[in-house]
Amino acid sequence: MLNKIKVKLAQFMQGRYGIDYLYVAGIILYFVLSIVQIFAQIRLLNILLSIFIIWIFYRVFSKNISSRRAENQKFMKWISKLQRKVKPIWQRIRHMGTHRYRKCPECGVTLRLPLKRGRRQVVCPKCQNRFEVTIRM
């Protein structure tokens, strides 16, 4: 019985776009906004959520594969830009107890220095510039 349903679903999805990263992100956003809707009780948000879930499933069942792939690639490009901006901030927060970050005055490269209180000389690995750094706790 279950195999029969599986085969029917596979036949139905043949030639359709299917699931991608934009779909997964959309479903996650839908559930987050649904939880907000439960507490906020905003009618407009309820309508927008309905339209959003219809759009998500329209993408999955679409036969226009090239357009859906282009949408997903734009989304992935945007996500990678966001990750490049957020990752250094997240690393700084994660290493706050053990390291400090300082920029080289010559070339602008950010250096990750161990947390040792006081003044000391640092050598930039990129431009070999020597400069003094003061680290406070």
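Predicted model: local features only at pLDDT ≥ 70, side-chain atom pairs only at ≥ 80, totals over all residues.
**Entry: the hairpin**

Strand S1 covers residues 99–103 and strand S2 covers residues 110–114; the two run antiparallel and are joined by five bridges. I recorded that S1 and S2 form a hairpin, with six residues between them. In the turn, I found that Gly108 has a positive phi of about 85°.

**Entry: helix H4**

I turned to helix H4, residues 65–94, and compared its length with expectation. At 1.5 Å a residue, its 30 residues should span 44 Å, and I found the end C-alpha atoms 40 Å apart, which agrees. I also located a kink of about 30° in H4 at Val86, shortly before the proline Pro88.

Which residues of H4 are buried? I listed Arg68, Asn72 and Phe75. I then checked what these buried residues pack against, and the partners are helix H2 (21–40) and helix H3 (43–61).

**Entry: cysteines**

I searched the whole structure for disulfides and found zero. Cys124 is in no disulfide, and the nearest cysteine sulfur, that of Cys107, lies 3.6 Å away. Is Cys124 buried or exposed? I count Cys124 as buried because its relative accessibility is 0%.

For Cys127, I found the closest cysteine sulfur in Cys104, at 3.7 Å; this is too far for a bond, because a disulfide requires the two sulfur atoms to be within 2.5 Å. Cys127 has 31% relative accessibility and therefore counts as partly exposed.

**Entry: nonpolar cores**

I next looked up the largest nonpolar core, which has nine residues in all. Its members are Cys104, Leu111, Leu113, Leu115, Val122, Cys124, Phe131, Val133 and Ile135. Which elements give two or more residues to this core? I identified S2 and strand S4 (130–135). The largest share, three residues, comes from S4.

Leaving aside residues up to four places away in sequence, Leu111 touches Arg100, Tyr101, Arg102, Val122, Cys124, Pro125 and Phe131.

Definitions and conventions:
Residues numbered from 1 in each chain as written. Heavy atoms only, no water. Pairing = 2+ DSSP bridges. Helix = DSSP H or I, 4+ residues; strand = E, 2+ residues; numbered from the N terminus. Expected span 1.5 Å × (residues − 1). Bend = angle between axes of the 7 residues up to and from the residue. Buried < 20%, exposed > 50% of the residue type's maximum accessible area, 1.4 Å probe, protein only. Contact = heavy atoms within 4.5 Å. Core = buried A, V, L, I, M, F, W, Y, C linked by side-chain atoms within 4.5 Å.
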